[in-house]
Each structure stands twice: as C-alpha cells, then as structure tokens.
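Keep the terms defined as they come up.

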Amino acid sequence: KLSKLGILGLISLLSYTAMVVFSPLAYPGYDWMTMAVSELSAVGAPSADLANRLNSLFGPGSGFHYGGMRAVTNNPSKRFRFGVYCFAAMEWLCNVGYTCFPWVSDAPNSAPQNVMHLLVTVLVVIFSLAALALILLGAKKAGQKSLGIWAGICLTAMLIGPIGTGLLPASVFGLFERLGTFSVVVFNVVLGMCLFSGKLEAKNE
C-alpha cells in the first residue's frame, strides 16, 4: 500500500537532524547560533561531504507525497487538498532546487549560483506558508482537526523564524533560521505518519 510510504517522513527527519547535529564537527569554527544550515553543505565548506552523506535520505524520505496526494483525492475540502498538493510541490522544489544550486561558500551573494539558491529559498518559503495555511483553513471540513492543529503550530514557528532572522541580532540568526526550517521538516513527519496510519484518508474525526 502507498500508505506505508509515510514512514519515509520519519526517515527524512532523522537524516536531516543528523546532518544538522553532526556536520558541524567537520567544520572548524562553525557557530550554529550565527550561521545557516545551508553553510554546512555549501560548495567549498569543509563539512560539505559529511553533510551531503548524512542528509542523503532527506530527499528520498519525502517520496511519500505521491501517496499523500492520492489519499486526499476525494477529500471534501478543496483547501485541504490544495494544501497537501502545495506541500508536495514545495518538497520537490526543495530537493531539486538545492541539489542544482547549492550555496557557494567562497562566492559573494550576487554570484549567479548563490542568487539561484536564494530564489529557491524564497519559493520554498512561499510554498510552505501557502501549504500550511491551506491545510489549517481546510482541516475542519476535511475531518483532519489534529493535522490542522499541527499545521497551525508549524505555520506559527515558520513565521517566527524569518521575523527573528530579520529583526533580531545576528548573534541569534542560526537559532531562528533552524526554527523555520525544522517547522517544515517536522510537519513533513506529521503528514507522513498520518498517511502511514491511514488517518489522511479519514473524512471525520
């Protein structure tokens, strides 16, 4: 059954977390409070090889979204359906975009590859916010109240992340950047577990 693919969401979280936690060990002077996660896998970074190995299951771990889209095909809430579709599109964009345009550590922000990396980031954020908002708004009609609560929590965390990185001192940039990125990764797990347990197909709770 396609629902069993939902376990891949948990695998993607473990892979991403391992990359975030252990890759700094191969990056002398890396300060997680002030530096972005993407700098760990940036072209030219000393930790790039380790980071890419540890995070190698993140992309394949998001492969369950095809099953998720199939599961909500007949859901009565159009907003909820489009939210799940949008989240799947965001995951695809994230995997393909960051693979094609990794950050280049020794190049300026205006370098073509870094510009594309930033563009991918903007699109990922937009798709993520749209997906979480649509799932939150459509959860009640979809019979997915608990998933709607998770969407609300992750949406709030994702909004706080960019606000914190933009308005607060650079000394806490990394903290708020991780709050934003992990909110999406965590919701990915929640969606996967709902698919795995069969709850994503439920009409009523």
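Which residues does L10 touch, not counting residues up to four places away in sequence? L10 touches V189 and M193. Contact here means heavy atoms within 4.5 Å.

A word on the basis. This is a predicted model, in which local features need pLDDT of at least 70, side-chain atom pairs count only at pLDDT 80 or more, and totals for chains, interfaces and linings use all residues. Residues are numbered from 1 along each chain as its sequence is written, and side-chain values use heavy atoms, with hydrogens and water left out.

Back to L10. L10 lies in helix 1. Helices (H or I, at least four residues) and strands (E, at least two) are DSSP runs, numbered from the N terminus. With a relative accessible area of 32%, L10 is partly exposed. Buried means under 20% relative accessible area, exposed means over 50%, and partly exposed is in between (1.4 Å probe, protein chains only). The C-alpha atoms of L10 and L191 are separated by 9.8 Å. Along the chain, these two residues are 181 residues apart.

S15 also sits in helix 1, which covers residues 7-22. S15 has a relative accessible area of 6%, so this residue is buried. Leaving out residues up to four places away in sequence, S15 touches L54, N55, S56, L57 and F58.

Now follow L191. L191 is part of helix 8 (residues 173-197). Its relative accessible area is 2%, so L191 is buried. Beyond residues up to four places away in sequence, L191 touches F64, H65, F87, L147 and L200. H65 is 126 residues from L191 in sequence, yet the two are 8.7 Å apart in space, C-alpha to C-alpha.

H65 itself belongs to helix 4 (residues 65-71). H65 is buried because its relative accessible area is 5%. Apart from neighbours within four places in sequence, H65 is in contact with F87, A88, E91, N188 and L191.

Next, a helix pair. Helix 6 (residues 112-142) and helix 7 (residues 145-167) have axes that come within 8 Å and cross at roughly 145 degrees. Axes are lines fitted to C-alpha atoms, for helices over the stretch in contact, and angles run from 0 to 180 degrees between N-to-C directions. Helix 6 passes helix 7 in a left-handed crossing. A crossing is left-handed if the near helix is turned anticlockwise from the far one by less than a right angle, and right-handed if clockwise. Helix 6 contributes V125, S128, L129, L132, A133, I135, L136 and A139 to the contact. From helix 7 come K145, L147, G148, A151, G152, C154, L155, M158 and L159. By class, the contact has 13 nonpolar, three polar and one charged residues. Ala, Val, Leu, Ile, Met, Phe, Trp, Tyr, Cys and Pro count as nonpolar; Asp, Glu, Lys and Arg as charged; the others, Gly among them, as polar.

S171 is in the loop between helix 7 and helix 8. S171 is partly exposed, with a relative accessible area of 44%. Setting aside neighbours within four places in sequence, S171 is in contact with M33 and T34.

What of charged pairs? A search of the whole structure finds two salt bridges. A salt bridge is a side-chain nitrogen of Lys or Arg within 4 Å of a carboxyl oxygen of Asp or Glu. One joins R53 and D49 at 3.0 Å, N to O. Why are R53 and D49 about one helical turn apart? They are four residues apart in helix 2 (residues 48-54). R53 and D49 are exposed. The other bridge joins R178 and E177 at 3.7 Å, N to O. R178 and E177 are both buried.

Last, the cysteines. A disulfide is a covalent bond between the sulfur atoms of two cysteines. The cut-off used is a pair of cysteine sulfur atoms within 2.5 Å. The whole structure has zero disulfides. For C100, the closest cysteine sulfur, in C94, is 12 Å away, too far for a bond. C100 is partly exposed at 47% relative accessibility. C194 is in no disulfide either, and the nearest cysteine sulfur, that of C154, is 11 Å away. C194 is buried, with a relative accessible area of 10%.
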